[in-house]
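Here are a few exercises to work through with the model open beside you. Try each task before you read its solution.

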Amino acid sequence: MSVVVTGATGRLGRLTVEALLARGVEPTSIVATGRATDKLADLADRGVNVAELDYSDVREGVLSAGDVVVFVSGSEVGQRVDQHRNLVDAAVRAGVARLIYTSAPAADDTTLILAPEHAATEQLIRESGLAFTFLRNGWYSENFEQAFRQASGTGVVAASVGQGRVASAAIADFAEAAAVVATTEGHEGVVYELSGDVAWSHDDLAAAFGEVLGREVVYRPLTPEEHRSVLVGAGLDEGTAGFVVALDQNTAEGLLAVTTGELTRLIGRPTTPLLETVRTWS
C-alpha cells in the first residue's frame, strides 16, 4: 500500500508530498506522479517513487490495490470532468483503498464559477463505489501573488470584488491537511469545507501589500464592465477576461468568505495569516 499523490509537479501536489515526508511517511511508501517526471527527479533522489500519470491517458500499473490516492484536481478548465473520469476508472480497476479529492467550496451547492466540474467529479467518485474523502479547498493566498507584483509598480490593487471578503490560507496549509487525511483514520465518506481562519477584504489585501513593499498601496474598486475592459486592454482574450470578472463577482457575493475552522482542526494549528504569506514574495 502506498500514498499516491497526483499532480505532484504542481504546487499543491508537491507540497502534499513534502507534508507526507514531514509527517514521517517513508519515502518508499509515497508515489509522486505527474506528466513531466523530470520535475520530480529531486524527490526520486530522496527515495520517493516517481511515476508518469496523465489524466488524459492514465497508464495501468501506476495505481495499486490498497493505495490511498490524493487526487489533486486537474488544471485544464473545461476538460477536467473527462480527465478526472479516467483517473476514477483507473482507481476502480486497481482497487485503491480511498480517493482523497481536492474539490471546491460547497461544490454541489454554489454558484461559484469553478464549482461545476468539481461537483461532477464528486458525483463520479460517489457513483464509483470507492471510499472517498472530499477536501473542498478554499482560496489560496498565493493566488494573489501576481496582484502583489503589479502593486509593487503601481501602488494599486484593482478588482471588481466590491467589499467581498476572502477566507484564504497558504497552499501549504491545504497540503498539510491532505497529508493528515491520507495518513490518519476516520475520514472515509467525510466532506471537509476548508478555509482560512480570517476573511479579509481587498482593503486588507492592499494594506498587507503596502506593509511588505514599504509604500502606500490602495484598493481601487472597479465595476465588472470596467474590470473586463482593463483586462482585455492588458491583452487577455474575452473568454479569460470574463472568467476573471466572474470570479470577482463570486467574491463580491461572499462565496469565498466562509470560515469553517475545519482546516485548522485538521492541521492542529491556526492557518497561515495573509501577511505572513505576502512576506515570502518580497
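**Exercise 1.** Which residues does H118 touch, not counting residues up to four places away in sequence?

*Solution.* Keep in mind that this is a predicted model. Start by placing the residue: H118 sits in helix α4, which covers residues 115–128. Next, list its partners, which are S73, R80, Y101, T102, S103, A104 and A107. Then look at the side chains: those of H118 and Y101 are joined by a polar contact of 2.8 Å. Finally, check accessibility: H118 has a relative accessible area of 6% and therefore counts as buried, the cut-off being under 20%.

**Exercise 2.** Find the largest nonpolar core and say which element gives the most to it.

*Solution.* The largest nonpolar core has 34 residues, and V17, L20, V70 and L194 have the most contacts inside it. Now go through the elements that give two or more residues: β1, α1, β2, β4, α6, β8 and α10. Of these, α6 gives the most, with eight residues. A second, separate core has 25 residues, including W139, F148, F209 and Y219.

**Exercise 3.** Describe how helices α8 and α9 pack.

*Solution.* First the geometry: α8 (residues 224–233) and α9 (residues 238–252) pack at an angle of about 140 degrees, with axes 9 Å apart, and their crossing is right-handed. Then the residues: α8 makes the contact with P224, H227, R228, L231 and V232, while α9 uses E238, A241, G242, V244, V245, D248 and Q249. Sorted by class, the contact has six nonpolar, three polar and three charged residues.

Terms used: Residues numbered from 1 in each chain as written. Predicted model: local features only at pLDDT ≥ 70, side-chain atom pairs only at ≥ 80, totals over all residues. Heavy atoms only, no water. Core = buried A, V, L, I, M, F, W, Y, C linked by side-chain atoms within 4.5 Å. Buried < 20%, exposed > 50% of the residue type's maximum accessible area, 1.4 Å probe, protein only. Helix = DSSP H or I, 4+ residues; strand = E, 2+ residues; numbered from the N terminus. Axes fitted to C-alpha atoms, helices over the stretch in contact; angles between N-to-C directions. Left-handed = near helix turned anticlockwise from the far one by under 90°. Contact = heavy atoms within 4.5 Å. Nonpolar A, V, L, I, M, F, W, Y, C, P; charged D, E, K, R; others polar. Polar contact = N/O pair within 3.5 Å; in protein donor to acceptor, adjacent residues only side chain to side chain.
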